[in-house]
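The following exercises concern the structure shown below. Each task is followed by a solution in steps.

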Amino acid sequence: QFAVSTLAQFRDSAIFKQFGFALNKIVDHVNVSKESKSEEVDQYVQFETGNTSTGSDFLAPLLSAIKKNNIVYFDYESFVSGNRKRRKVTPLLLKEYRNRWYLISSDMVKGKIITYGLDRMGNLDVTDQNGEKPKSFNPDLYFKHSVGITASDDAIPEEIKFRAKNVAAKYIDSQPFHQSQKVVESNVDFAIFSLFVQISEELIRELLSYGGEVEVIAPTNLRDELKERVDEMYRIYKG
């Protein structure tokens with residue numbers, strides 16, 4: 001209890017802000033536990049637990065490679081092709097998203113910035129060779145217009161507008177898709193939101209997760225993409 005109280009005092013300081021969610025969970029857990037016997041807590045309160053994923057043992061060597069600007073090699077399995085290939089990259093940034101770790105890197109074969117999931121890596125080899133970091137890469141700005149883990153120097157952010165029915169609007173307003181999200185119109189039946197982001201797979205899946213409660217108004221290309229996916233779902237379920 002003393003240790004948690006000490007941590008709680010510093011959770012708003014700069015060095016701990018990135019761990020705020022984890023610290024809050026620890027504080028909540030201890031505060032709940034002290035109200036009853038530890039073996040009884042799960043009978044009254046169930047905390048959310050994330051699925052464990054492999055690859056976290058690569059965090060330390062990759063972090064060291066980023067600091068030293070070392071080139072690394074690893075085997076990587078693509079979800080799309082299912083093939084496993086050897087990669088040669090200059091690591092740039094480690095990023096966590098939904099309990100998974102990702103490496104943003106300058107791929108020295110493809111000649112562009114690529115994101116790799118640590119859980120699909122194997123046979124990591126950190127060399128003593130120095131890599132070359134793209135001059136345009138800025139870790140503070142790279143994900144500024146991103147929803148999820150997908151980002152690109154080439155993708156241009158667009159203004160996205162969508163209409164959400166009343167109940168869905170309340171959920172979306174309480175847990176925004178992106179920091180740029182704002183309400184541009186609302187009434188008792190629906191709300192219209194706008195956000196300025198790159199169109200990504202994560203954004204598309206977030207919008208689709210609300211089914212018929214959300215309708216994309218603009219841009220046309222995003223609306224058409226969602227229409228194609230909805231049509232495909234209809235073909236699957238119509239029988």
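**Exercise 1.** State how many helices and strands the protein chain has, and what share of its residues is buried.

*Solution.* The model is a predicted one. Counting the elements along the protein chain gives seven helices and nine strands. Of its 239 residues, 33% are buried. The surface comes next: the chain exposes about 15,700 Å², and 50% of this area is supplied by carbon and sulfur atoms.

**Exercise 2.** Identify the largest nonpolar core and the elements that give two or more residues to it.

*Solution.* The core in question has 19 residues, and those with the most contacts inside it are Phe-162, Leu-203, Leu-207 and Leu-222. Two or more residues come from each of strand 6 (158–165), helix 5 (166–174), strand 8 (190–197), helix 6 (201–208), strand 9 (214–218) and helix 7 (220–237). Strand 8 contributes the most, namely four residues. As an example of the packing, Leu-203 touches Val-147, Ile-160, Leu-195, Val-197, Gln-198 and Leu-222, when residues up to four places away in sequence are not counted. Another core, of 14 residues, lies apart from this one and includes Phe-74, Tyr-76, Tyr-116 and Met-121.

**Exercise 3.** Determine where Gln-179 is placed, and whether Gln-179 is buried or exposed.

*Solution.* Gln-179 belongs to the loop between helix 5 and strand 7 (182–186). Its relative accessible area is 68%. The cut-off for exposed is over 50%, so Gln-179 is exposed. Finally, Gln-179 and Lys-144 are 35 residues apart in sequence, with their C-alpha atoms 8.9 Å apart in space.

Technical notes:
Residues numbered from 1 in each chain as written. Predicted model: local features only at pLDDT ≥ 70, side-chain atom pairs only at ≥ 80, totals over all residues. Heavy atoms only, no water. Buried < 20%, exposed > 50% of the residue type's maximum accessible area, 1.4 Å probe, protein only. Areas by Shrake-Rupley, 256 points an atom, 1.4 Å probe, with all protein chains shown as cover. Core = buried A, V, L, I, M, F, W, Y, C linked by side-chain atoms within 4.5 Å. Contact = heavy atoms within 4.5 Å.
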